[in-house]
Amino acid sequence: MSPAHLDGLDETEAPDHDGHHDHGSGAHGSLRGYLTGFVLAAILTAIPFWLVMDRPLDSAQATAFIVVGFAVVQIVVHMIFFLHMDPRSEGGWTFMALIFTFIILVIAVSGTLWVMYHMNTNMMPTHEMDAL
Amino acid sequence: MSTTADVATDDTVFHYEEEPHHPEGGSTMLGFWIYLMSDCLIFAILFATFGVLGGNYAAGPGPADLFELELIAINTSLLLVSSITFGFAMLAMVGGRQATMQIWLAVTGLLGLGFLGVELYEFHHLIHIGAGPQRSGFLSAFFVLVGTHGLHVFFGTIWLVTLMVQVQKRGLVEANQRRLMCLSMFWHFLDVIWIGVFTFVYLLGVLQ
């Protein structure tokens, strides 16, 4: 009894957690969770479509920023309410894999765009070179 | 006790005195998640390719000439609604209501087929008017990115039908529940990818 008492916090969490684990439970969510996620996702989808189809904003750049912002928020909403991501599931390993993937993703996408953009601007197309 | 006796007589056997308890399929969810993450990287590269080639129209049609946002809005709603119907199926599964679950799965599958139908119509239309994947770098990248997502939905639908048959035959046994959880993650993951597709390919494309 005494060792359990010493690191009381871990011990009280662990059994409940493991019990869940075996049935892969805790990843189902609830009706309320799904409905909340759905309503949020529907709103977050409808607004960008409205912004682009009806163009209430004159500036294309501002519209683009807002649309991308909504996409990022919607991805987070889906992660939480549909994919039931939480930093503690599977002992934190799913979250760890997600963070790792995100880092690789940022490096790959931003690196590609950066390098290829500079290649494009620094390489002169052949027909322009002929004109010189 | 017999196992400890075996260990004592045969010293080539090496294992833990007390084997760590791994229930069957206990690591499936984590493994499947890691698969999804690697799939996510495939899409990341396809998005990056589209980002690089997306502006190379080769004097051909651009996004604003080709994309009909009404169609994309329909497709987006189909996929979004299919996400929540799959959620309802999972809730029915947890509650042990097999018949309800099968109905929700069927609805999800039909929505998936609807999505594929609209997408195939769009692709057919584009190819028909001469805006096929060979027309320009932009269209090549577009067809690969959106087509890869469509293929995922297609295989997800096949998987869904397979699992419906499995459940019908064997019931909601532990293994089937695990498979349904994996498919649920796969399906929701595809919806997340679709957010990127409709934002970066369609909305921002038409906006230019």
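Reader: How much area do chain A and chain B bury between them?

Author: In this predicted model, 84% of the area that chain A and chain B bury between them lies on carbon and sulfur atoms. The contact behind this area involves 44 residues of chain A and 44 residues of chain B. The buried area itself, taken over the two chains, comes to about 3,800 Å².

Reader: Which element of chain A gives the most residues to the side that touches chain B?

Author: The elements that give two or more residues to this side of chain A are α3 (31-54), α4 (60-81) and α5 (93-122). The largest contribution is 12 residues, and the element that gives them is α5(A).

Reader: How do the residues on the side of chain A that touches chain B divide, and how many salt bridges does the rule find across the interface?

Author: On the side of chain A that touches chain B there are 29 nonpolar, 12 polar and 3 charged residues. Across the interface of the two chains the rule finds 1 residue pair in polar contact, with both residues at pLDDT 80 or more. For salt bridges between chain A and chain B, the number found by the rule is 0.

Key:
Residues numbered from 1 in each chain as written. Chains lettered and ligands numbered in written order. Predicted model: local features only at pLDDT ≥ 70, side-chain atom pairs only at ≥ 80, totals over all residues. Heavy atoms only, no water. Contact = heavy atoms within 4.5 Å. Buried area = accessible area lost by both parts, 1.4 Å probe. Salt bridge = Lys/Arg side-chain N within 4 Å of Asp/Glu carboxyl O. Polar contact = N/O pair within 3.5 Å; in protein donor to acceptor, adjacent residues only side chain to side chain. Helix = DSSP H or I, 4+ residues; strand = E, 2+ residues; numbered from the N terminus. Nonpolar A, V, L, I, M, F, W, Y, C, P; charged D, E, K, R; others polar.
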